[in-house]
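Here is a friendly walk through some charged pairs and backbone angles. Have the model open as you read.

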Amino acid sequence: MLIEQLIFIIVAFVLFIYVFYQLIRKNDTKYVPILAIQALGIAIDFIELYFKNEESNLTTKLIIYTLSIIIPMIILGLEELNIDILEGLKIKIAKLYFMSGNIKKAKNILIKLVTQHPENHLGHKLLGQIYEKEGGQRKAVDEYAQAIDINKHDYESYYRIANLLIDLDKKDEAADMLTNLLSKKSDYVEATIKLGDLLIEKEDFKEAANIYLEALKANPVSFDLNYNLGIVYTMLNDFQNARMYYEKAAELNTMIYNTKYSLAEIAVIYKEIEEAEEYFLQATEDEELCADAYLELAKIYLIKGDKEQAIKYANVAIQEEPKRIVQKIQKDVAFAVIISKLSIPFNLDIEDEEKKKKLTAKELMAKRHLEGMAEITKKIGYNNIKIEKREKEDNQQEKIQHKQKERE
């Protein structure tokens, strides 16, 4: 017992002195927790000796040996292998402060950490997130850049830098960063969408379509990719492809009603008014789109010659957004035949009630483009739609009869 106690004291004190020497030599406070753990273990041992003469129980001995010798030796051994668990502990503490809202404390811990250990990837990355939250975009970019230098596979930091560059109005640099990221990780959907947005803003719709199509190979069931392809093909006046991708997007997410609205306008362009009516009715479920959808339904019923139903839908549209819808009605000559029967409010100087806007700039751009193209299509005339359908049906019937004769 005495020999064992003597060996323990010698080993524990030698280890304690070694750790203290490392603290002084490296001037690194990361050794302080190790010293504290050792001191606790040694203190427990002295307390046991002071208050008890009989042999300590196994559990107490295990605690003393673990705190005084085992834990410090494991930590020092991992350090020799360049595995610093204390750095990881500091990261976790900083994250806890960050998540609890104590940004200042988290930042102080991380600044000290990356100053002492400039190769700490997570330290730079988390510090970048803190600067980003504080609005220090340039400092955040610097920290994310250092994180990437340490870990070339940190694709999230590439993406965050691109977003920050957009905020700093350095969109060309952001596009380069996103292009670089996609060359390393082509299936990064968010980066693809962001680069596509930049290209759409520059009206480079063909290139946007190319990057979406490339990303779609790895993510064929991505709603965002299919939806954005619908938008760019709309702007390219390729309504056949636009329809195909809007339909895929609508299958993947039935709650995004702008796909239904877009499909309805494309159906109008192709003079498929029954299909257009069905899609517009679905679009009325969306608060932002319902006024326009009801107005388009009124136009469809004017084409059909059902003035009563047209009046009904037009009045619902007016009720939703009086000022804007009345302005559209007054500019559209198609409504001249029913305008006197519409419930137009007496005072239109009051602004429409502000509704929560969900459509983005690119969605609104595509929406207006489709509406404009649909109006151009209407000038061609709808009077012969029924005749055209009959002719189509007759042609199909003739083909069937011709095939039957060939068989005979």
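K299 is buried, with a relative accessible area of 9%. Here buried means under 20% relative accessible area, exposed means over 50%, and partly exposed lies in between (1.4 Å probe, protein chains only). Please keep in mind that this is a predicted model, in which local features need pLDDT of at least 70, side-chain atom pairs count only at pLDDT 80 or more, and totals for chains, interfaces and linings use all residues. Residues are numbered from 1 along each chain as its sequence is written, and side-chain values use heavy atoms, leaving out hydrogens and water.

**Salt bridges**

What does K299 pair with? Its partner in a salt bridge is D332, with the closest N and O atoms 3.7 Å apart. The two residues link distant parts of the chain, 33 residues apart: K299 sits in helix α16 (residues 290–304), and D332 in the loop between α18 (322–331) and α19 (361–380). Helices (H or I, at least four residues) and strands (E, at least two) are DSSP runs, numbered from the N terminus. D332 is also buried, at 15% relative accessibility. Salt bridges with shared partners also join D292, E321, R324, K328, K367 and E371 into one network.

A salt bridge here is a side-chain nitrogen of Lys or Arg within 4 Å of a carboxyl oxygen of Asp or Glu, and the structure holds 22 of them.

| Salt bridge | N to O distance |
|---|---|
| K107 and E134 | 3.2 Å |
| K299 and D332 | 3.7 Å |
| K152 and D149 | 3.8 Å |

K107 belongs to helix α5 (residues 103–116) and E134 to helix α6 (residues 121–134), so their pairing ties together parts that are 27 residues apart in sequence. E134 is partly exposed, with a relative accessible area of 42%.

**Positive phi angles**

Most residues other than glycine have a negative phi. D169 has a positive phi, near 60°, and lies in the loop between α8 (155–167) and α9 (171–184). K271 also has a positive phi, of about 65°, and is placed in the loop between α14 (257–269) and α15 (273–283). Is each one buried or exposed? D169 is exposed, with a relative accessible area of 60%, whereas K271 is buried, at 15%.

**Confidence**

The mean pLDDT (the predictor's confidence in each residue, from 0 to 100) of the protein chain is 86, and 85% of its residues reach 70 or more. Over residues 384–392 the pLDDT is below 50. Beyond near neighbours in sequence, that stretch has two contacts (heavy atoms within 4.5 Å) in the model.
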